[in-house]
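The following paragraphs lead through the charged side-chain pairs of a model and then through the surroundings of its ligand.

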Amino acid sequence: MRNQYDLVVYSNLSVTPHMRRIKLHGESLKAFPTGQETGYVKVDFSKDKNTKIMRSYTIRAFDPERRLLTLDFVDHGDLGPASRWARQAKKGASIRVFGPGATKLLDPHADWYLIGGDMSALPAIGANLEALRADAKGYVIVEILSQEDQQLLNLPTGMEVIWLIQEDSDPPNKQLVETIRAVNWLPGRVYPWFAGEFDGMRNMRAYFRDEKNIDIHSMYLSCYWKLGATDEGMKRAKRIDAESDLEGTNIQ
Ligand SMILES: Cc1cc2nc3c(=O)[nH]c(=O)nc-3n(C[C@H](O)[C@H](O)[C@H](O)COP(=O)(O)OP(=O)(O)OC[C@H]3O[C@@H](n4cnc5c(N)ncnc54)[C@H](O)[C@@H]3O)c2cc1C
């Protein structure tokens, strides 16, 4: 990811209690490619040259005319540099991003869709749904942190949305896996698209690959964060998982 963009905060608004929408502006965005929604940028929170701290955020929207890049940040408290920054970033604050990284699009030729994840995946889910064909069928299952974190999703009428509220006592993504098991399986080829917490996505992989016999190349399963680990810790866990998974079907 060599392309670097030095930007400033244009606006920082609350979408729902645990989601902030930050629009970034800069003349350098003149060179930013269009059509990259669902892809991601690396946001640079490094303190100095020797300690690189980068975090991945989905491109929720891009307006090339106004040079505005929209990112949605889950507010998960003050523990991580990204969430901490997003909670208080003021208009005009400087921030550097790199990218974009590859888009995470749905397979347009699938017969139906099983889409979901937790709040970290909502920006990619929202952007994907907006691009979905009008006659698409299936389910969107999203685990959110409170009832008020439901978002208005712009989606085809054949798609049913199921919101799940994560209980404090439950590990993240637990209800997601349970709910997917219970949905009415539609005829034809399904395209599963899920992103969320590391262990939740491993359970999801076991379900789709081992129980439903779906080839890893015919779905998108991605781990976006790991409970109790920083982003750097999550990446280490992903590498170990990839090495130890005998089928070689590691989550991305
Ligand atoms: C391709 C990709 C796209 C992504 N897009 C988005 C996006 O659009 N919006 C978004 O909000 N996130 C997104 N993420 C996830 C985001 O990069 C991680 O959540 C990241 O760890 C946040 O960094 P941090 O500095 O806030 O916390 P870190 O320093 O990484 O972690 C600190 C602590 O916070 C916890 N934590 C981290 N993330 C979460 C979370 N989401 N919920 C609860 N606890 C958490 C960790 O377990 C750890 O204990 C994406 C990740 C990937 C790989």
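Glu211 and Arg181 form a salt bridge through their side chains, with an N to O distance of 2.5 Å; the term denotes a side-chain nitrogen of Lys or Arg within 4 Å of a carboxyl oxygen of Asp or Glu. This pair links distant parts of the chain, since Glu211 belongs to helix H4 (residues 198-211) and Arg181 to helix H3 (residues 174-182), 30 residues apart. Helices (H or I, at least four residues) and strands (E, at least two) are DSSP runs numbered from the N terminus. Glu211 is partly exposed at 45% relative accessibility, and Arg181 is likewise partly exposed, with a relative accessible area of 45%. Here buried means under 20% relative accessible area, exposed over 50%, and partly exposed in between, with a 1.4 Å probe and protein chains only.

The model is predicted: local features need pLDDT of at least 70, side-chain atom pairs count only at pLDDT 80 or more, and totals for chains, interfaces and linings use all residues. Residues are numbered from 1 along each chain as its sequence is written, and side-chain values use heavy atoms, with hydrogens and water left out.

The structure holds 16 salt bridges in total. Among them is the pair of Arg21 and Asp72, whose side chains meet at 2.7 Å, N to O. This pair, too, links distant parts of the chain: Arg21 lies in strand S2 (residues 19-25) and Asp72 in strand S6 (residues 68-74), 51 residues apart. Arg21 is partly exposed at 25%, whereas Asp72, at 4% relative accessibility, is buried.

A further salt bridge joins Arg87 to Asp78, with the closest N and O atoms 3.2 Å apart. Arg87 is partly exposed at 38% relative accessibility, as is Asp78 at 46%.

A backbone N or O atom of Lys226 is 2.6 Å from a ligand oxygen atom, and a backbone N or O atom of Ala229 is 3.3 Å from an oxygen atom of the ligand.

Methods: A polar contact is a pair of N or O atoms within 3.5 Å; within protein, one must be able to donate a hydrogen and the other to accept it, and residues adjacent in sequence count only if both atoms are side-chain atoms.
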